[in-house]
Each structure stands twice: as structure tokens, then as C-alpha cells.
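Hi,

Here is the model I promised to send over. Have a look at it first, and then read my notes below.

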Amino acid sequence: MPSPLLEISDLHVAVDGDAILKGVSLSVQPGEVHAVMGPNGSGKSSLCHVLAGGNGYDVTRGSVAYRGEDLLALEPDERAKQGIFLAFQYPVEIPGVNNAYFLKAAVNAVRRARGDEELDAIDFMQLMREKVKLVDMDEGLLRRPLNEGFSGGEKKRNEILQMMLLEPRLAILDETDSGLDIDALRIVADGVNALRSPDRAIVVVTHHERFLEYVVPDHVHVLFEGRIARSGGRTLARELEERGYGHLRAEAAA
Amino acid sequence: MTESLQEARVAPSNDIESLIGREYEQGFITDIESETLPPGIDEGVVARVSEIKGEPDFMREWRLEAYRRWREMKAPDWAKLSIAPIDYQAISYYSAPKSKEDAPKSLDEVDPKLLETYEKLGIPLEERAVLAGVAVDAVFDSVSVATTFKERLASEGIIFCSFSEAVRNHPDLIREYLGSVVPRSDNFFAALNSAVFTDGSFVYVPRGVRCPMELSTYFRINAANTGQFERTLVIADEGSYVSYLEGCTAPMRDENQLHAAVVELVALEGATIKYATVQNWYPGDENGVGGIYNFVTKRGDCRGARSKISWTQVETGSAITWKYPSCVLRGDDSVGEFYSVAVTHHHQQADTGTKMIHLGRNTRSNIVSKGISAGRSRNAYRGLVQVGRDAASARNYTQCDSLLMGDRCAAHTFPYMEVKNPSARVEHEATTSKIGEDQLFYCMSRGLSAEDAVSMIVSGFCKEVFNELPMEFAVEARNLLNVSLEGAIG
């Protein structure tokens, strides 16, 4: 078996003293797509943010290894430079900062770290135009301040656009499908599928089984009360769709 | 085990403070011998300053009258500033480079050390000035030592020279306009300046002439304990246009240095004056020691109908800033604008804003103020919008935004409005926000370093003001902001 891209071992995380994750273990191999499902408040978003280096999460026990190195020791920008990408559930608005300008700065920061040449304005615009078409995004949004006044769907497409431009090794999607209509859902899914490759992995956090019909996972995990309660294949998602999370509660109580 | 993991955890929240704390980059001192008057001020000193400068009698009398009025005045204490009392008898009121007697005829004759200083500051002189298309009237320790592009300007009939030269060569213009916008007794610091100002810049743009280049002046404070009292007068005759840039930086010093400049702008009928400032004086160290006291009176008079005066300022320096570039909208349909970015860090204090005095009909004013506070600094916007009885249909729009970095700084907004005409419309909007950890995390999660992320967020915040600056200046301003705010996020 090849060495895992991401190895989460017995991860315990607290926020303001409250335990949120209570011993999560997860191993992700290159080329795999993992889906993480679970009811609201089960710790899905916290898990995403801890992996990307978000602020305010206290790791009280356990470890996370990324390509064999201690991920938790890295600043968020170092993680990004090493190929980790988080598509935010709620993308942040940054007034006055031109979207295209921001994207170019991000792409070149990551390229520099990889030892690639920086893209000049012309090459970057070309690349961006190409990717914008793939996510069916209005080009006007590139000239607007980053995420400011974007609709929910526009913000999500902008996240996927960033993901395509940054070409991460490990993409984490935090409920990117939430609030999207069926057409947008398909476009986002196409974007994610386009990224699939033997040396990349994708972790999809979602509430909806439907998204997994488009982005078909290799593994499905159910996060429940800060722990992975069940892991299985594609069929687990369908089972959850039919039965809900209620039986997990019953199992946890038993 | 638990502990080591927590240490290893990334905690950007603790870094916000550490990001702004970089040493002052312009902290170097030029070693040029100076001829300096002994400290202290009385009528003899005022008369001596006038004599050194070879001024006509009317100027000496004008100064002496200003001094007499100043003696009767008290330093203002209404601004939100903490200032140790200033001993005006401990200040030397004149300092000039030794080479003054045989003033340089060209740049070749200028002290190479001085040129080196400008070089370090990135000031466009010599070819750089030519390339940038900027005319430079460099003021160094109160005396002009280099003036360029005069011929080109002269061919258009534009006068751009040091204030001293203007007093000698254009006494009629000086007599007519000096003190006509900021009277000698306007305020404590203006009165002091009127008495002892040493030099500055003078601009006259004749009727109907559009000044073909940006006019630029760089100020520099150097000799220890020498107050700087600059005087600037810009006159735009009917239908003319001029854009004037002023940038400043000072070497590192422990003593507090007093700076009390006066800038007067006069726009006659249909004339436009744009006046931009980038100010980067030594703000004091991290503990608030040293730094420049900057008490400036800047005022523009839209004297004629349809005239326009626009102030743009980027303020990052000084220990204490007290400054309210103002517009008197006297002419009908005249327009006043004020675009400001004021950054305070460490123990800096700034009380700055504008006054828009609407006197004419259909006068309009627009105010955009962006205050950024970091460290333990205090940043106050103080603005007055006054609409006179006859200013029918006057309109004002004020937008006042504050950005806080860290939780030990403070931002205050003091909008004053006095409206005496019922048809006037005055609007004020104010926001205060903290630089968001979520914004910072978002940028960093895309690969930007914390410094770059802060710089980007702050530039975005200031965008409306930077848009008003000429291109090269906007770049300079953005760089200045980055240097000023490094280590501010924590």
C-alpha cells in the first residue's frame, strides 16, 4: 500500500474549552475521494478548518500527518503552498480587493513555492478565462471586490475557480454543494471531477447524498458527535439518505 | 504530549501584533554641517530670520505682527491628544546647510551626501525626475537646494519656486495672497509659522493654463531640535489646473521635533487644484519615544465660481498629528474634496480630518476618510461641515471608515455639522471594523503570507483614496502603508 497523503490519528480538538472532535482517525490515499457526512454540529466544519490551519481550534490530542510531515506545525499559507486547499462553506468578503488581483497573487504565491515561474498578467488572464468558462462564472465577477456582494452560488463558483487555478494536491470541500441549484451543483461537481487524478485526493463534506451521485466517493464516513461513527463505501451514503442519522443516535446510546 | 501539540498549533491570532513592528526604514541621518540660530524666540529672532533671508521690509513687519499675536495665544487643547508641554524657547528657529552662501547652480554642485539621502528615500531627482515627469523643488533643512524643470514651466508662464525666491521676485503676488486663506492669527501654530517660517514652495498658474506636469515637493527634517516651519502658497488663476504632490520622510531622532507648516491654496474662477500628500515622518519608537510633532494648517479657498480644490493625504508618520486640510467653498458651484488615509501604530496619536465651509450656492463637498489604528495608537477623525445662510442647495457627503488592528488601539469619529440653510443636504456615514481573523485566514489559506494578506486587506480598505493619487504616488503610498503596518496583526 502506498503511504497515505493524509493521516489523521486520534484527533481531539476543542474550541473555547468545548470538545468538538473526540478522537477522529482517517487515512486518505492519493487518488481517493472521501465523503464526510453527518448531522449539523457533528464537527465536520471544524475538521475542515483544523486541516487548513484555522484559528481558534485547540488540538488537545492526536496528530495529523500530511505527506508524512506534521501538518499542524504549519502556518495556513505554508499548508496552501504544499497543496492543501479548503473550499469555504462561507467564503469571506474582502472589500476593495479586486478578485482577479487576489487570484493572481494566490496563484503566484503557490507557484513560487513549487518552484514554478510566476505568471505574468497576460498568461494569468488567459488561464483564468479558460477556468472561468469551466465553472460557468460571469467574467464580470473577476473585476469586482473579492466575494463582496456575490450571491451564494457565485461565491461557491468562485471557490471552485480558485481550486482549479491552485491545483491542490488535497482539496477539502466544506459543504460546497449547499445552497446550489441543480445546474450549479452539476457545474461544481464537474469542476471537482476534473481535478480527480491518481496523485490527488479530495475530501468532500456534504449533507446531501445527491452531490455524491455526481462526485462519486471511494469512501464514505459518518461524523457523529465528534467521532467517526461509521465508514463504508458508496452505499453508506444512500443508506443514510434513506434512514437518516437517527439510528446512529440510538446506536450511540446503546 | 498535549502541551507540545498545542505549541505546535498555529495560532495566527497572536501574530497580528507582531506583524506591524518593523524598524523605521527611513532612519538615517545626513551628516551635513548646519548653520543654526541659537534656541529661543523673541522679536530679535524673528527679525533675524527675515534678515538672513534678505526679505523686504513688508515681510519683516508681517512676521513681527504674527509673532506679537502668537505671544497672546495659547496652544489648543481640544483635540484628543496627549502632549507634553512644548518649550518654545528650547527650539532653534533657523537652520540652513552651510553651502548656502554659494548655493548650487545645478545638481552637480549639490552635496553628494544630500543626493545620497534622496536616493535612499527613493525620491525622483535627476534623471528619475525626468523619467517620472515630475518637477522637484526639494526643501532641505529650510532652504531650497535644488529646483528643476523651471524653464519648461516658465514657458507656460507658471511660477514654481521656493518661497524665498517668490518673496524676492514676485512680492506683489506674495503681498496679495500671503495670509489671505490662513490669516496670521488663525491659530496658535499658524501664528508661530507666520512669524518664523523659513522657506517652502510657491506656485502660480496663470489664467487658462493647464500645468503640464505634476508639481512635487519633498520635505525633510534633519538638523536636530530645529523646528520646521514651511510655508506653501499655491495660486491657480481663472480656468487653470494644477496638481501638486508633497511627500515627506525624516531620519530617526530621539528628540521630538516640532513641525508647524502652513499651506494656502487659492482657486479662482473655474480653476482646479489637486493637492496630495504622503507623510512619513518619524513616528517615535515602539515605546513612543521620539518622533515628530506635526501641527499643520492646510486650507484651500475656492474663491471663484466653479472652482475646485481636492485634498488627498496618506498619513503614516509623526508621533502626533494635528491636521485638518479644509476648503472654503466661497464661489458658487465650487467643489471641495477630501480623501484621507491616516495610519497610526505603536503610540502614535492622530487627530485629523477636514473642514468644508459652504458659503456659495450649489457648493458641493465630498469627504472620504479611512483611519487605520494598530498597536496602542489613537486615531481620531474630526470633521466640520458648515453650511452658511446663503449656501442654497449645498451638498455634502461624508464617509468615515475605521479599521482596527489588535485590541489596544482606539478610533474615534467626531463629525460636526452646522447647517444654516434649509435646502442643504448633508450626509454622514461611518463604519468601524476590525481586521478580521477570518479575512486573514481566508487569504492565507490561498497561499498568501500574513504580511501580504494584511497588506492586501488594508490596500482594499484604502482603495477609494489611493484611486485619487497619481499612479507613481499610489504605489509609493501602498509601499509606505506596508512598512508602517508590518507586525500590526496579532
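**Where the two chains meet**

Between chain A and chain B there are nine residue pairs in polar contact, with both partners at pLDDT 80 or more (a polar contact being a pair of N or O atoms within 3.5 Å; within protein, one must be able to donate a hydrogen and the other to accept it, and residues adjacent in sequence count only if both atoms are side-chain atoms). Before I go on, the ground rules: this is a predicted model, so local features need pLDDT of at least 70 and side-chain atom pairs count only at pLDDT 80 or more, while totals for chains, interfaces and linings use all residues. Residues are numbered from 1 along each chain as its sequence is written, chains are lettered from A and ligands numbered from 1 in the order in which they are written, and side-chain values use heavy atoms, with hydrogens and water left out.

Back to the interface. Six elements of chain A each put at least two residues on the side that touches chain B: helix 1 (44-52), strand 4 (58-66), helix 2 (76-81), strand 6 (84-87), helix 3 (99-114) and helix 5 (152-166). (Helices, H or I with at least four residues, and strands, E with at least two, are DSSP runs numbered from the N terminus.) Helix 3 of chain A gives the most, with six residues. By class, that side of chain A has 26 nonpolar, 11 polar and nine charged residues; here Ala, Val, Leu, Ile, Met, Phe, Trp, Tyr, Cys and Pro count as nonpolar, Asp, Glu, Lys and Arg as charged, and the others, Gly among them, as polar.

In total, 46 residues of chain A are in contact with 29 residues of chain B, contact meaning heavy atoms within 4.5 Å. The two chains bury about 2,900 Å² between them, 63% of it on carbon and sulfur atoms (that is the accessible area, with a 1.4 Å probe, that two parts lose on being put together, summed over both).

And how many salt bridges are there between chain A and chain B? The count is one, a salt bridge being a side-chain nitrogen of Lys or Arg within 4 Å of a carboxyl oxygen of Asp or Glu. The partners are B:R446 and A:E159, whose closest N and O atoms are 2.6 Å apart.

**Salt bridges elsewhere**

Over all chains the structure holds 34 salt bridges. One of them pairs A:R157 with A:D136, at 3.8 Å between the closest N and O atoms. A:R157 sits in helix 5 of chain A and A:D136 in the loop between helix 4 (121-134) and helix 5, so the pair ties together parts that are 21 residues apart in sequence. A:R157 is buried, at 17% relative accessibility (buried is under 20% relative accessible area, exposed over 50%, partly exposed in between, with a 1.4 Å probe and protein chains only).

In chain B, B:R68 bridges to B:E43 at 3.1 Å between the closest N and O atoms. B:R68 is in helix 3 (residues 57-71) of chain B and B:E43 in helix 2 (residues 43-52) of chain B, so this pair links parts that are 25 residues apart in sequence. B:R68 is partly exposed at 29% relative accessibility, and B:E43 is partly exposed at 30%. A network of salt bridges links B:E43, B:E65, B:R68 and B:R69.

B:R330 and B:D301 also meet in a salt bridge (3.1 Å, N to O). Here B:R330 counts as partly exposed at 40% relative accessibility, whereas B:D301 is buried at 2%.

**A buried asparagine**

A:N158 lies in helix 5 of chain A and is buried, at 0% relative accessibility. Its side chain makes a polar contact of 3.3 Å with that of A:N147. Leaving aside residues up to four places away in sequence, A:N158 touches A:N99, A:M137, A:L146, A:N147 and A:F150.

**Cysteines and backbone**

There are zero disulfides over all chains, taking a disulfide as a pair of cysteine sulfur atoms within 2.5 Å. For B:C211, the nearest cysteine sulfur is that of B:C161, 13 Å away. The sulfur of B:C302 is 5.6 Å from the closest one, in B:C327, which is too far for a bond. Both B:C211, at 6% relative accessible area, and B:C302, at 0%, are buried.

Lastly, phi is positive at B:R306, near 55°, in the loop between strand 13 and strand 14 (308-315) of chain B. Phi is also positive at B:D333, near 60°, in the loop between strand 16 and strand 17 of chain B.

Cheers
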